[in-house]
Each structure stands twice: as structure tokens, then as C-alpha cells.
Amino acid sequence: MKAISLMYHDVVERDRSDASGFPGADAALYKLDRGQFQNHLRAIAKAVPRGPISLLNLTEIAPDEPTPLLLTFDDGGKSAFTFIADALEEVGWRGHFFIAANYIDTPSFVSAEEIRKLKRRGHIIGSHSSSHPLRMSNYSWDEMYKEWTTSIEKLSDIVGERVTVASVPGGHYSDDVAKTASLAGIERLFTSEPVMQCWTVDHCLVLGRYTIQRWTSPMIAADLASGKIAPRVRQFLFWNAKKASKAVGGRYYLKIRRSFFGTTT
Ligand SMILES: [Zn+2]
């Protein structure tokens, strides 16, 4: 099965990027301003007139139909409720909102009541872990499992039904991240791997996503949404080069460390 999923974060007023979601310069790289987001939606609507689908309908898509598009929003920043949902609904669309559960009811994140309202309005609510670890794949099995179970319990209590979808925080995916998610009852897990092909880990369907950053133009977003090859290949190469350089950097670090301390621990 294939799907094109776009990964957005917060949508903020210009120069007010800390008003929604995680603060700081790194998080701000993924926050769009309001006008820019609306330009993205217009460009996507033009490129994909059928619009995005809901994850709930994913298995109904026949193999000969065009690759379905899904719009996802990570972290659960306040703007999910104060702007993004309204902007989506104006064009008749719904989004998937993945919420870092420990931050619910804190000033720049959505409240429990806002999550309930989003759900009632037809948006999909999912887990984005509890504490939003930036390197979840480095966690132990038990720590990963706890991140999923505590966030699912909290979100399920809020929305009044079992939450079965999630996205991986920080983009650090591993097989164990998906296995613990599956064990915790997650049936659909979004990663940050820039691929269209979905795969299965235990009882969980795992989906890749294409990242939208502050400087992603509406045209690139529309090209990604409609499955054009060039921007997808660019993200794939960039992502894997980044992974490789981290791996090489990691080995280099260990070598230096060994030469200094004469130990591998
Ligand atoms: Zn996140």
C-alpha cells in the first residue's frame, strides 16, 4: 500500500513562533505563518482536486486509484485548534493531529477540551508520545512502551474512545519504536521516513511522511502532495545523507573517545 503523507507542525502569526508548540529556533524551522499555510492549502487543492483523505479510509483505496494524500500535524501546539483546523475546514478537509500528551493543557499547547472539539469536528487525534523524546529509538523497550501507553491512555480518556494512531516524535524511528507502538495498541504509525510505500510491523501499519519546513514553498508542497518524483527524491536523498553522516559521526566520535580514554564504554 502506498500513501503520500505531509508532516506539518504549527501555524503561527509572523514573529510569534513561540505562541504555539515547542519554543526555540529549532522548532521554529517547522512552523509556517498563517498566510503561507493558506497558500499551501490553495496550491495543494489545485494539484490534488480530490483533496486529502482520512486515515480511517486508507484501506478502502483501491490499488488502481491515485496514491492517497494525508495531512498530518505534529506536537499538538495551540494553533491546531486556534487556526489549522478552521483553515482545513474552510476547504472541506480534515487533519490528523498528533499530540505530545504531557503538554496538554500547558500554555502553548491544546487543552483537553480543545482536543475533544477537534475530534467532534471530524479530525483524527493521535499520540505523539508522552514526553516527546527527541531520540526515542535510543530508549529502552520499557521506556518506549511507557511513552506509548501513557499517552494513549490519556488521549483515549479525553476523546472517549481508544486512540489507535500515532506519530514518532523527533523522527528517530526504529523497528522497536514500531513494535512497542503495536504492543500498546497502535494500528497506524507515521514516521518521518520520506517514502510513499507503507510497511507492516507486527499489528501496525507504518507510514512514511514528507517534511514541510518554514521555507517549503506552496509549489513544493503541492508537488509533494501530488506525488511528483523530484521533490520526493530530494527529501529521500537528504534524509538518508543526514542519517549516514550521523552514523559516521557516531563512529568517529567513538574512535576519538577510545583514543582519549582507551575504552569503548
Ligand atoms: Zn514532534
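## Helix α3 and the residue after it

Just after α3, Gly 92 takes a positive phi of about 80°. Helices here are DSSP runs of H or I with at least four residues, strands are runs of E with at least two, and both are numbered from the N terminus. This is a predicted model, in which local features need pLDDT of at least 70 and side-chain atom pairs count only at pLDDT 80 or more, whereas totals for chains, interfaces and linings use all residues. Residues are numbered from 1 along each chain as its sequence is written, and side-chain values use heavy atoms, with hydrogens and water left out.

The twelve residues of α3 should span 16 Å at 1.5 Å a residue, and the 15 Å between its end C-alpha atoms agrees with this; the expected span is 1.5 Å times one less than the number of residues. Buried residues of α3 include Ser 79, Phe 81, Phe 83, Ile 84 and Leu 88, where buried means under 20% relative accessible area, exposed over 50% and partly exposed in between, with a 1.4 Å probe and protein chains only. Among the elements that cover the buried residues of α3 are β2, α2, β4, β5 (96-99) and α4 (112-120), contact being heavy atoms within 4.5 Å.

## Helix α2

Helix α2, residues 34-47, has 14 residues and reaches 20 Å from its first C-alpha to its last, close to the 20 Å expected. Its buried residues are Gln 36, Phe 37, His 40, Leu 41, Ala 43 and Ile 44. Seen down the axis of α2, these buried residues fall within an arc of 170°, so they line one face of the helix; the arc is that of the directions from the helix axis to the C-beta atoms. On the other side of α2, Arg 42 and Lys 46 are exposed.

The cover over the buried residues of α2 includes β1 (4-8), β3 (32-33), β4 (69-75), α3 (79-90) and α7 (218-225).

## The zinc site

The zinc ion is coordinated by Asp 75 (OD), His 128 (NE2) and His 132 (NE2), at 2.1 Å. Donors are N, O and S atoms within 2.8 Å of the metal (3.2 Å for Na, K and Ca), and sites may look incomplete, as water is not among the atoms. In sequence, the donor residues are spaced D-x52-H-x3-H. Asp 75 lies in strand β4 and His 132 in the loop between β6 (124-127) and α5 (141-159), so the pair ties together parts that are 57 residues apart in sequence. Both Asp 75 and His 132 are buried.

Most residues other than glycine have a negative phi. Asp 15, which is not a glycine, has a positive phi of about 65°; Asp 15 is found in the loop between β2 and α1 (25-28) and is exposed, with a relative accessible area of 78%. Ser 129, also not a glycine, has a positive phi of about 75°. Ser 129 is found in the loop between β6 and α5, and is buried, with a relative accessible area of 0%.

## The chain as a whole

The protein chain holds eight helices and eleven strands. Its radius of gyration is 18 Å, close to the 18 Å that the globule rule gives for 265 residues, so the chain is as compact as a globular protein of that length; the radius is taken over C-alpha atoms, and the rule is 2.2 Å times the number of residues to the power 0.38. Of the 265 residues, 50% count as buried.
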